[in-house]
Amino acid sequence: MSYPESHYLSPVWRDGLFDGKVAFITGGNGTICSMQARALVRLGANACIIGRNVEKTDKAAKDIAAVRPGAKVIGIGACDVRNAEHLKNAADRCAKELGGIDYVIAGAAGNFIAPMEGLSTNAFKSVMDIDVLGTFNTIKATLPHILKSSTPRIIYVSATFHYTGLVMQSHVSAAKASVDSLMASVALEYGPRGVNSNVIAPGAIEGTEGMDRLGGEAAKQPNNSLVKEIPSGRMGTVRDIADATVYLFSETGNYVNGHALVVDGGAWRRQPAF
Ligand code: HXC
């Protein structure tokens, strides 16, 4: 699907900002990460999109490549972030075909609404495995490559639930708290080698799979009750997240390391968004 550039990028960034850079993006066919990918590719980067579904991942790669003539975007489907070998093969292939890896977005996540008593051990473990083990596997697979880059950067797509805890989201809250913790350890351990490791914590972002899963039909209505709880007075957009990504990956984010950048219109300070 094609989108106008204004859907995923503010008009403040300069063309060619990411010329020669390569981004490796898990969850890259998802609604948020595919727009982060579009923004990076539009501004000059090439990219590798990782997903579980081959068809969807190939299609996403093709759509993302279309934002800039000459862009190289590889889709690597059948890659489950829970499988370390899948990710190592994907990272090695990305580096070989695109000449290295500079930027990593750990965006693959699993989510569904369930009360704690409705969660089997396997259900809890499935989300922990996708979010936490998947993030660890992503870091492990890409570190050898990004450490060769002059601008090694990692962004983890987290959430704000774990700042407060949230009903029906005990599994996701536990997982995202761990993702934030991994981000901090990487910042400390690899900051001295030039790596910037930061979280983006999206709030309620309209039109995303996450909102569909968590907010349902009600959250799609204008001025729904959720919007009334957001201090900035509107739902977030995928562009808000893509712009934050460009900020952190470009020179503007050079001195930002070990930070969780909350992009939620101030919602988590008021109360959990859902
Ligand atoms: C209770 C559930 C459940 C539900 C699944 N399970 N859905 N339990 N309530 N609604 C249980 C299953 O019964 C099973 O446990 C276990 O979870 C694993 O399910 P599988 O389907 O076998 O696993 P898998 O195919 O690996 O799927 C993983 C998944 C699935 C997390 C369950 O939803 C998924 O693949 N999601 C990926 C896409 C996704 O979620 N994207 C949204 C990310 S949005 P048993 O005991 O029966 O074996 C996001 C945004 C957060 O994270 C922030 C938003 C603002």
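Select S10, then R239 and D243: S10 touches both of them, leaving aside residues up to four places away in sequence. Contact here means heavy atoms within 4.5 Å. This is a predicted model, in which local features need pLDDT of at least 70 and side-chain atom pairs count only at pLDDT 80 or more, while totals for chains, interfaces and linings use all residues. Residues are numbered from 1 along each chain as its sequence is written, and side-chain values use heavy atoms, with hydrogens and water left out.

Stay on S10. It is found in the loop between α1 (5-8) and β1; helices (H or I, at least four residues) and strands (E, at least two) are DSSP runs, numbered from the N terminus. The S10 side chain makes a polar contact of 3.4 Å with the side chain of R239 and one of 2.4 Å with the side chain of D243. A polar contact is a pair of N or O atoms within 3.5 Å; within protein, one must be able to donate a hydrogen and the other to accept it, and residues adjacent in sequence count only if both atoms are side-chain atoms. S10 has 15% relative accessibility, so it counts as buried (under 20% relative accessible area; exposed is over 50%, partly exposed in between, with a 1.4 Å probe and protein chains only).

Next, select F18, Y103 and F249, which ring pairs link into a cluster. Rings of Phe, Tyr and Trp (its six-membered ring) pair if their centres lie within 6.5 Å; planes under 30 degrees apart count as stacked, over 60 as edge-to-face and the rest as tilted. The structure holds three aromatic pairs. One of them, F18 with Y103, is edge-to-face, at 5.4 Å centre to centre and 75 degrees between the planes. That pair links the loop between α1 and β1 to strand β4, 85 residues apart. Y103 and F249 are stacked, at 4.5 Å centre to centre with 10 degrees between the planes. Here strand β4 is linked to helix α10 (residues 238-249), 146 residues apart. Both Y103 and F249 are buried.

Now show the strands. An open sheet of seven has the order β3-β2-β1-β4-β5-β6-β7, with parallel pairing (two strands pair if DSSP finds at least two bridges between them). β3 (73-76) and β7 (260-263) stand at the edges with a single partner strand each, so one side of each has no neighbour in the sheet.
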